[in-house]
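Here are my notes on this one, as numbered points. Have the viewer open while you go through them.

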Amino acid sequence: MTAITQVTDPQALRRSRTLGVFFVLVGLAIYILFVRSSAGAQVTVFGMNPGRESQALKIPNVTLPVLPSLYAMAALSVLLGFFQLARGFGRGEGLVLGVAALFLVLSFLTWAGRDKGLNLIGILETALQRATPIALAALSGVLCERSGIVNIAIEGMMLTAACFSALVGSVSRSLWVGLIVAVLISGLLGALLAVMSIRFKVNQIISGTAINILSIGGTSFISSKFLQVYQHLNNPGKFSNLPLPLLARIPIIGPVFFESNLIVYMMFVLLIAIHVLLYYTPWGLRTRAVGEHPRAADTLGVDVFRIRYVNVILGGMVAGLGGTFLVLGSVPRFDELMTAGKGFIGLAALIFGKWNPFGAFGASLIFGFTDTFQAKMQILDVPIPSQFMRMAPYLITMIVLAGVVGRAEPPAAEGQPYEKQ
Amino acid sequence: MSAGKAEDSQALVAAEGGLPGGASPRAGRVARRQTLLIPLLAIITALILSGVLIVVTDLEVINAFTRIPRRVAEPFTDPASEISLEEALWRHPPEVVVGDVVAVEGKDLLVVETVEDAIKQISLADARHLYPKLGPGVTIHLNFFQKPTVGLRAAWKSLSVAYSALFEGSVGNPAKIAAAIRAWMAGNPSLLPEAFYPLTESLVTATPYILVGLAVALSFRAGLFNIGAEGQYFMGGLLSVFVGYSLKGLPIYIHLPLTILAGIVGGGLWGAIAGFLKATTGAHEVINTIMMNYIAFALSDWLLNGPMKRPGGFRPITPEIQPSAMLPSLFPSPIRFHAGFFVALACAALVYWLLFKTTIGFELRTVGANPRGARYAGINLTWNFVLAMFLSGGLAGLAAANEIMGLIHYMPNAFSAGYGFDSIALALLGRSHPVGVVLAALLFGTLRAGATRMQSAAQIPLDIISILQAMIIIFIAAPEIIRAIYRFRAGREAGEMLFTRGWKV
């Protein structure tokens with residue numbers, strides 16, 4: 001045991017200790033925050049059927065006694081923490097962290113819903129809805145950053161796409177035209193980022209910020225010049241939910257995943273496609289090579305610039321899809337600054353997910369879940385001001401970035417312009 | 001990779017003028033000339049491009065150019081039915097819009113500004129008023145092809161209205177200024193305030209710009225990208241307004257500095273968190289500061305609606321600060337110019353002194369130029385990151401304190417006018433040098449004051465300023481674009497400016 005700790009680097013050791021302490025703290029938090037303010041005989045009823053018309057088969061609701069379940073989860077968290085401190089979970093750390101986070105969330109829900117009941121399916125549905133734009137932003141980040149370009153402009157690309165999907169969708173009276181035009185325009189912004197970072201070798205953070213400012217200014221300009229004045233220009237309608245046959249009938253999974261709208265399905269398709277492309281095709285190998293060691297890739301005949309251009313433009317289009325979801329997939333109208341940092345949260349999800357598509361998606365789900373909280377908690381009138389609930393996603397982003405989950409290694413050549421020799 | 005870093009840092013030091021031997025004297029001269037020329041051309045190009053944007057988004061211009069010539073349908077040509085234009089318009093509402101040429105018996109009439117809703121039909125009342133006696137045979141054609149001047153005239157009008165409003169709103173009306181000076185010479189100073197109001201208003205607007213620009217410039221010098229000036233501005237404002245209204249009965253020479261200090265501390269601590277996280281965990285300050293912006297907004301929303309809300313009101317604003325915490329206003333009422341402008345200028349001098357004349361500044365710049373080298377030289381990275389972000393945030397917080405103490409005297413919910421992003425453009429335009437930042441801030445203050453006038457006079461949204469700023473950032477960051485447009489050669493081969501790196505420290 002001591003031999004193992006000696007060979008691991010001190011940072012990893014410190015991290016694993018921090019994690020152990022964190023698990024114990026989760027247990028204590030559950031006890032202090034929730035157990036002490038609940039009474040003996042309270043129960044929480046978790047609704048397991050969607051609160052709307054659904055094809056899913058009905059299943060009985062789950063009733064949890066509040067105190068015993070809270071105690072169980074607090075004790076388990078503390079146990080996990082001690083085990084982590086004593087032995088360490090090694091590679092399973094991430095998973096255990098997920099479990100601890102789940103305990104925290106579940107105990108919070110149990111506590112918040114005591115004597116009132118809570119529709120779990122509704123929460124999961126909303127969480128997926130809110131995770132979708134974040135996941136698309138993160139996928140856009142995967143495409144760009146794996147090829148070595150830092151894309152901080154995802155926020156701006158989403159905002160622009162949201163604005164144009166509302167405008168073009170309303171003018172053309174076709175959701176599809178709105179979607180396609182918006183995605184193309186945000187691809188154009190991707191091209192702008194690519195030209196600035198690759199051709200002109202501008203610092204990528206600065207070029208990304210310039211695009212963000214351009215998008216904020218441009219969309220607010222269009223909004224106050226046209227969209228707010230002529231309401232019919234800001235009313236594109238939205239993609240309706242499209243239940244998939246048979247799959248939608250599965251309880252729990254069906255209503256959450258298979259009764260969504262088109263853009264959510266597109267997100268899943270993209271997720272799988274990007275994963276397969278990145279790890280199982282020559283293109284993916286080249287992309288990763290260009291992101292890690294462009295000179296070596298160049299020596300082997302890979303066109304570094306071309307790969308980067310293609311990836312950044314595709315990344316822009318994926319981010320644009322995320323932006324259109326905000327309009328055509330949820331509220332069918334554009335409001336100024338409606339992305340509210342989702343692009344940046346997507347970047348944090350990307351880092352949290354260690355630059356992998358599925359990791360990034362998982363992280364996005366966590367963010368979507370946190371985001372859902374604040375809305376649901378206000379309905380349950382939890383005695384926390386709504387403004388503090390609103391901070392939650394941003395706080396979690398910061399905690400994630402601070403490396404609670406362990407320092408992730410970004411692609412080695414990221415952020416550096418490539419000079420051909 | 002380390003070789004690349006070393007090159008970058010050399011380029012940075014050379015750009016600061018610290019290594020005169022790095023380039024040949026001639027190249028140095030060219031480079032120095034271009035450090036002025038490129039920002040100038042960047043601003044001009046950005047102004048031209050926003051002019052294009054103003055023209056192409058103007059509905060009157062759009063109509064003047066894009067309406068296809070057409071002859072309005074049969075009712076007009078039927079001689080039996082004596083149909084008036086108004087009836088025709090009634091029957092064919094979408095046929096006539098602003099900018100249309102209505103030809104009546106060979107005479108051309110330009111129909112403009114007679115439409116209630118520019119996109120819908122001409123109002124009957126207006127039509128009746130304008131064309132009381134119209135008979136059959138009216139042709140409506142708009143007509144860029146037959147009459148190209150229509151479109152061009154509309155475009156020119158749109159542009160000249162917009163940019164003359166910009167000029168009058170920022171500098172003032174030259175005729176009025178001349179008249180006021182003449183009257184003043186004759187012993188009548190009563191016209192002066194009105195004539196110089198726009199100019200002083202530009203300086204008032206420039207005051208916070210100087211400070212937030214300095215904030216970002218200072219962080220740039222230390223190799224950090226403080227994108228969260230907005231949040232630091234809010235936090236500085238909250239703390240300073242709290243000190244301003246809650247402490248009562250203090251003499252002005254204690255209360256005033258204390259309130260300023262509160263602003264610096266509020267913004268500074270908020271910024272230092274990001275610096276600390278960067279130094280200890282490597283979390284990138286760009287994302288952290290943006291996240292902290294949102295947290296600051298939520299926090300201020302809560303404070304203004306709860307603990308700090310003005311008693312007995314519905315609006316989410318704080319109580320007014322004590323008179324002992326107010327910066328003196330220098331002129332009588334309509335002119336809002338206040339002493340804060342000089343506070344800002346003094347800060348610029350202070351930042352210059354700190355950065356270039358002290359050991360602290362040298363360390364900050366060394367960390368910014370080459371963190372690895374700085375660490376080997378024994379400079380404490382953690383301390384310098386935290387210090388840089390504290391100073392940077394402190395300047396942003398001071399900007400807020402200045403606004404509160406000199407101008408509005410309380411803190412409203414919509415407190416900032418987007419300083420977070422403006423400050424980046426300012427720092428880039430000013431080449432991260434205090435003098436450059438002050439000049440850039442004066443320019444932006446002028447532009448913004450003018451844009452406010454432009455919004456009211458020509459219905460051009462204020463956001464045009466953000467677009468302008470983004471273009472200026474792009475052109476300054478990629479001067480090759482400017483060089484390509486105006487066809488001159490690069491002064492130096494090396495990269496221009498390099499501030500931040502990827503996600504890693």
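1. How do the axes of helix α5 and helix α14 of chain A cross, and within what distance do they come? The axes of α5 (residues 120-146) and α14 (residues 342-352) come within 7 Å and cross at roughly 60 degrees. Axes here are lines fitted to C-alpha atoms, for helices over the stretch in contact, with angles running from 0 to 180 degrees between N-to-C directions. The pair α5(A) and α14(A) is therefore oblique; angles under 35 degrees count as roughly parallel, over 145 as roughly antiparallel, 65 to 115 as roughly perpendicular, and the rest as oblique.

2. Before going further, some housekeeping. This is a predicted model, where local features need pLDDT of at least 70 and side-chain atom pairs count only at pLDDT 80 or more, while totals for chains, interfaces and linings use all residues. Residues are numbered from 1 along each chain as its sequence is written, and chains are lettered from A and ligands numbered from 1 in the order in which they are written. Helices (H or I, at least four residues) and strands (E, at least two) are DSSP runs, numbered from the N terminus.

3. Back to that pair: α5(A) and α14(A) make a right-handed crossing (right-handed if the near helix is turned clockwise from the far one by less than a right angle, left-handed if anticlockwise). On the α5(A) side, the residues involved include A:Ala137, A:Ala138 and A:Gly141, and among their partners in α14(A) are A:Gly343, A:Ile345 and A:Gly346. Contact means C-beta atoms, placed from the backbone, within 7 Å. By class, this contact has nine nonpolar, three polar and two charged residues. Ala, Val, Leu, Ile, Met, Phe, Trp, Tyr, Cys and Pro count as nonpolar, Asp, Glu, Lys and Arg as charged, and the others, Gly among them, as polar.

4. Now look at α10 (residues 262-280) and α13 (residues 304-330) of chain A, whose axes come within 10 Å and cross at roughly 160 degrees. That makes α10(A) roughly antiparallel to α13(A). The crossing is left-handed. From α10(A), A:Ile263, A:Met266 and A:Leu270 meet residues of α13(A) including A:Val318, A:Leu321 and A:Phe325.

5. What does the interface look like from chain B? There, 45 residues of chain B are in contact with 43 residues of chain A. Helix α11(B) gives the most to the chain B side, with eleven residues. The chain B side divides into 28 nonpolar, twelve polar and five charged residues.

6. As for chain B itself, it has 19 helices and three strands. Of its 505 residues, 50% count as buried (20 or more other C-beta atoms within 10 Å of a residue's own; 12 or fewer is exposed, in between is partly exposed, with C-beta atoms placed from the backbone). Take α16(B): eleven of its eleven residues are buried, so this helix is largely enclosed by the rest of the structure. After α16(B) comes B:Arg431, with a positive phi near 55 degrees.

7. B:Leu203 counts as buried, with 20 C-beta neighbours inside 10 Å. Beyond its neighbours within four places in sequence, B:Leu203 is in contact with B:Phe337, B:Phe341 and B:Gly445.

Terms used: Two residues are in contact if their C-beta atoms, placed from the backbone, lie within 7 Å.
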